[in-house]
Amino acid sequence: MKLVLAGDNLATLTEYQIQHEQKIGQPFNSINVNKLSLPEIREKLGSISMFGDQQSWKITGLEKIRSPKMKGELIELLSESADEIIVVVQSELTPSIKKKFTAHSWQIKEFKMPKVFFQFTESIKVRPLRDCHKLLLKSLEQKNEWELHSLIARQFRLLLAVATGAPVQAPPFAIPKLRAQAKKFTPEEIIFALHTLFEIERDIKSGQAVTTWSQQIDRLLVRLYDGVRSN
């Protein structure tokens with residue numbers, strides 16, 4: 001069986017991946033294809049498979065390969081293999097890449113974050129607090145607090161990179177929005193938000209929290225909008 005697991009909802013993706021690997025009942029050999037040439041990948045696949053029964057492979061790093069030609073050749077190579085293969089892509093599949101997989105009868109499962117999560121994180125200090133809070137409430141309807149928590153932290157890490165001139169690990173189309181949002185914060189406010197998110201996660205997971213996750217996020221939003229950075 002050849003399977004592609006793709007999307008930005010990494011917790012759900014990873015849970016499915018683990019369950020699938022357990023179902024197969026044998027260990028998966030891992031290859032990070034971003035760090036290898038096509039001949040090296042071919043050699044790795046063949047070096048084990050030729051000496052035994054069908055093997056199981058977990059392929060990562062496809063989304064980091066810049067060359068569309070190499071991506072296509074790699075998918076062709078994996079499609080020709082008789083082994084069990086899982087390709088893990090930690091982003092959404094582009095239509096062109098999805099077409100290459102479906103042409104070879106791969107099974108594709110996608111794990112996407114709810115759009116409202118992105119709408120909420122992109123609204124912080126960009127839209128009025130009232131509107132931002134409404135998006136938070138809509139996000140909470142998804143019953144997935146820790147995925148949202150992870151996405152909020154990621155957004156503030158991106159904003160900190162923009163604010164400090166560090167490399168920004170985001171698609172080109174997202175950069176203008178990040179720059180506009182970063183101007184709403186001081187670097188100190190962004191760092192404060194990141195520290196607070198860490199403390200919220202630590203306190204809740206260790207049982208020390210006296211308020212709920214949503215209450216603490218509400219408090220963080222109010223303080224950010226008021227420009228308060230310390231107790």
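## Helix H3

In H3, the buried residues (under 20% relative accessible area, with exposed over 50% and partly exposed in between, for a 1.4 Å probe and protein chains only) are Met 70, Lys 71, Gly 72, Leu 74, Ile 75, Leu 77, Leu 78 and Ser 79. An α-helix has 3.6 residues a turn, so residues three or four places apart point the same way. Helix H3 covers residues 68-80, 13 residues in total. From its first C-alpha to its last, H3 reaches 19 Å, close to the 18 Å expected at 1.5 Å a residue (1.5 Å times one less than the number of residues).

## Basis of the model

This is a predicted model, in which local features need pLDDT of at least 70 and side-chain atom pairs count only at pLDDT 80 or more, while totals for chains, interfaces and linings use all residues. Residues are numbered from 1 along each chain as its sequence is written, and side-chain values use heavy atoms, with hydrogens and water left out.

## Overall chain

The protein chain has 10 helices and 5 strands; these are DSSP runs numbered from the N terminus, with helices being H or I of at least four residues and strands E of at least two. Along its principal axes, the C-alpha trace spans about 65 × 35 × 25 Å. Of the 231 residues in the protein chain, 41% are buried.

Contact means heavy atoms within 4.5 Å. Among contacts in the protein chain between residues at least 6 apart in sequence, 74% join residues at least 24 apart.

## Nonpolar cores

A nonpolar core is a set of buried Ala, Val, Leu, Ile, Met, Phe, Trp, Tyr and Cys residues joined through side-chain atoms within 4.5 Å. The largest one has 31 residues, and those touching the most other members are Phe 120, Ile 124, Ile 152, Phe 156, Ile 217 and Leu 224. At least two residues of this core come from each of H5 (115-123), H6 (129-140), H7 (145-164), H8 (175-182), H9 (187-205) and H10 (213-226). H7 gives the largest share, 7 residues.

Leaving aside neighbours within four places in sequence, Phe 120 is in contact with Cys 132, Leu 135, Leu 136, Ser 139, Leu 148, Ile 152, Ile 217 and Leu 221. A second, separate core has 23 residues, including Ala 6, Leu 45, Met 70 and Trp 106.

## Arg 223

Arg 223 is found in helix H10. With a relative accessible area of 12%, Arg 223 is buried. Val 89 lies 134 residues from Arg 223 in sequence and 36 Å from Arg 223 in space, C-alpha to C-alpha.
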